[in-house]
Each structure stands twice: as structure tokens, then as C-alpha cells.
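Here is a short report for a reader new to this protein. Take a look at the model before reading on.

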Amino acid sequence: MHSIFGGMKRADTCKYVALLVLVLQNSAVVLTVRYSRMRKDVMYISSTAVVMSEIVKLVVASFLVGMEEGGLCGLGSKLYHDIVLKPADFAKLLVPAFLFTIQNNLLFVALSNLDAASFQVLYQLKILTTAVFSVVLLNRQLTCRQWLSLLVLIVGVSLVQTSGLKDGSTSSTAGRNGSTSLGFVCVLLASCSSGFAGTYFEKVLKDSEISVWVRNVELALIGIPVGVFGVWYTDGAAVREAGFFSGYSPLVWSVVGLQAVGGIAIALVVKYADSVLKNFSTSVSIVVSCLVSYVVFGETDLSPQFLAGVSLVMYSTFLYGTSSSGMCCLSEGGSFTPNKGVARKESNKVWSVACCAKQAASTRDDPLASVPFLESADKENRQRKDCESHGNKSNRVSASVA
């Protein structure tokens, strides 16, 4: 009995830790980026921060691969086998890696023009874009509750956006010489990028056997040159005049670190977080961002319209996630089956595909949390293998009995 209760306590502790990490990740990046863009001293060049975050992510992901493979020799062998010897598979990452890098730059621009609370709420549009792209590209089916939640999301976002507009296109909550309209456009583009990149990633790479950490190495290897090109194209003159690290401070380095390793930290705890916990963490993160933005930054106007929009967005987020937990999805050549999302084929292939667009929206290729989706795909591959292995064993037993 003692071991049973001890196990329950450990499980509860892991869930609380997972909730804390998810809330911190969802809130800390947004708040630190926003605060770094509010400073009155020399402003850093945001495109350089995107490049540095990719470099840090490359180092951290390579270190984790090396730990798994037993050192530098194992790391070199693993990367050679999974990247050099599989150029076609590596090329499939060009599209999502490019979009993720552009998305990171868009989010910096958005947080330069929007307060943290408005950004946190508006960025939930990635749920809508991911759902739409999942229906179009993956032939997913959404329940009536999910379509309703998306409608509620649109209404909530509209209330928040219109409440932030004052005197046309500018707002007192915007950054220095900022524009809420520009911030909203950047959030909208980033949400579309997130939805398409994540859905594309799932469509072309769901059967891949490469580990989550190697995938992050590959994404960083593509993201770094794309980011460097962005620095040269958009901020080349500023970098030549002031320097690549102009305006960098401990706060800016914390932004770089959070963007680089935040998603990796989530990947280590995401297995303890069910859909309800993830939805709850999103809602708590929105509340935290609103409170900090209002109390600490003093820039968010908590008007009745804004609070109504926030409430609708939080409700739609929770409604979409909870209704998708029992949703079925189309497996390759299979049929829809309830709850577990397991589709069976008569040819003895059993495919197990995760079917939660909300989870995909919150964890896929998102610069704020990109790794958990990769880990989720990694788990799907292992589960599919286990199912196929089980099916083969059942066939052999049936044959021997016959």
C-alpha cells in the first residue's frame, strides 16, 4: 500500500512540475522579450538574437545527442548516419526550418509593437491556423465542439484586437513608436507560419525514425544560415555600423537562452502533461502575462472588452483541447477509431497517430516551444513500431496454431 501511495505522490509531483515548467515557458519568453524591447537604452538587433538562439539550440541539442550516443565519436557517427547519408530526409526540413526562422523574427517585431498580454492572447490564433491546415493537408475531421471553439476564439481575438486600437493604428500599449496594427499583422503571419509549418512537418516526417534531438540539430543547421541571411538583408547596415552584439545585456542573453532551451526543457516534462494540464497551463500563462503586463509593466489596459476577449480565448483554448482528446483522426490508408487514435489496416499494419490539433498548435515548430512536437512524433513512431511488432507476433501465433 505504501508503494502505491508513494507512486501516486510521485506522479502528482511530476504533474505539478510539468505544469510549472509549461507555465514558465509560455510566460517567460513572452515577458522577457517584451521587456527587452521596452528598454530606453541602446536597442539590440532582434534578427541577431534569432541567430544566436539557433546557435545555442544547436550546441544544446548536439550535447544531448552526444550524451545518448556516448560521447563525441558517437555524436559524429550519429549525425553522419542521420544527416549526411540521408540528404533527402534532411531536405524535407528546409520548409519548416525556413518558416520557423521567419516566425521567430516576426514574433520579435510583434512584441515590439504589442504589450505582452495582447500578444499572448492574439497568438492563440495558431490554434485556428493549425486546425485549418490539418483539415486541408491531413484530411482531419473536427468535431462540432471544436468548430464552435474556433468560432469563440475568433470572437475573443477580435475583442482583444479592437480594444487595443486607439486613435487609428497606434496605441499607448505599443512599443517605442510602435503600431498595434503592425503587431497584429505580425502575429497573424506568425500564426499562419506556425500552423502550416507544423502541419507540413507532421505530413512529411511522421514516419521518420530520427530522434527528437537530431531533428533539432538539423533544424538549427538550416535555421542558422537562414537567420544570417535575414540579418544581412534586413539589418546589414545597422550591424556594420553598431556591431553584431550591439545592445546585448544579461537580459538579452536570457531571451536568447529561453528561446533556445525552453522547448527542450518542455520536452523533458511533456510526457507527464495530459491535454487538460496543457490547456490549463495555457490559460494560466495568459493570466500571468496579463497580470505582469498590468502590474509590473503598467501598459495593459484591462478594459471590460479586453477582459471579455481574454475570457473567450481562454475558454476556446480549453474547449478545443478537451474535445480533441476523444477525437479520431485518419491514419494512412486506415479508418477512424475512437480515443486512442489507432487505425487498423487489414494488411496487419497498425498505425498509431496522435490526433490533437491543439497539442500540435501549442508545441509544433513553435519558436516558443518547438521540441515537444518533435518528441511527440518520436513517440508516435515508437508506438507504431510496437503495434506493428505486436501484429506480426499475432500473425505468427495464428499461423502456428493453424
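Among contacts between residues at least 6 apart in sequence, what percentage join residues at least 24 apart? In this protein the value is 82%. Contact here means heavy atoms within 4.5 Å.

**Ground rules.** This is a predicted model: local features need pLDDT of at least 70, side-chain atom pairs count only at pLDDT 80 or more, and totals for chains, interfaces and linings use all residues. Residues are numbered from 1 along each chain as its sequence is written, and side-chain values use heavy atoms, with hydrogens and water left out.

**Overview.** The protein has 15 helices and two strands. Helices (H or I, at least four residues) and strands (E, at least two) are DSSP runs, numbered from the N terminus. Of the 402 residues, 54% count as buried, that is, under 20% relative accessible area with a 1.4 Å probe, protein chains only. The protein exposes about 18100 Å², by the Shrake-Rupley method with a 1.4 Å probe. Carbon and sulfur atoms supply 66% of that area.

**Confidence.** pLDDT is the predictor's confidence in each residue, from 0 to 100. Its mean over the protein is 76, and 70% of residues reach 70 or more.

**Annotated spans.** The unreviewed UniProt entry gives "transmembrane region" for several spans, including residues 182–201 and 280–297. UniProt annotations may be inferred rather than shown by experiment.

| Span | Distance between end C-alpha atoms | Helix | Strand |
|---|---|---|---|
| Residues 182–201 | 28 Å | 100% helix | 0% strand |
| Residues 280–297 | 24 Å | 89% helix | 0% strand |

**Helix α7.** This helix has 14 residues, 125–138. At 1.5 Å a residue, α7 should span 20 Å; its end C-alpha atoms are 19 Å apart, which agrees. The expected span is 1.5 Å times one less than the number of residues. Buried residues in α7 include Ile127, Leu128 and Ala131. Asn139 follows α7, with a positive phi near 60 degrees.

**Cores.** A nonpolar core is a set of buried Ala, Val, Leu, Ile, Met, Phe, Trp, Tyr and Cys residues joined through side-chain atoms within 4.5 Å. The largest has 43 residues; Phe108, Phe119, Leu150, Val187 and Val310 touch the most other members. Leaving aside neighbours within four places in sequence, Leu150 is in contact with Ile127, Leu128, Ala131, Leu142 and Tyr320. Another core, of 26 residues, lies apart from the largest one; Leu93, Phe100, Val226 and Ile264 are among its members.

Technical notes. Buried < 20%, exposed > 50% of the residue type's maximum accessible area, 1.4 Å probe, protein only.
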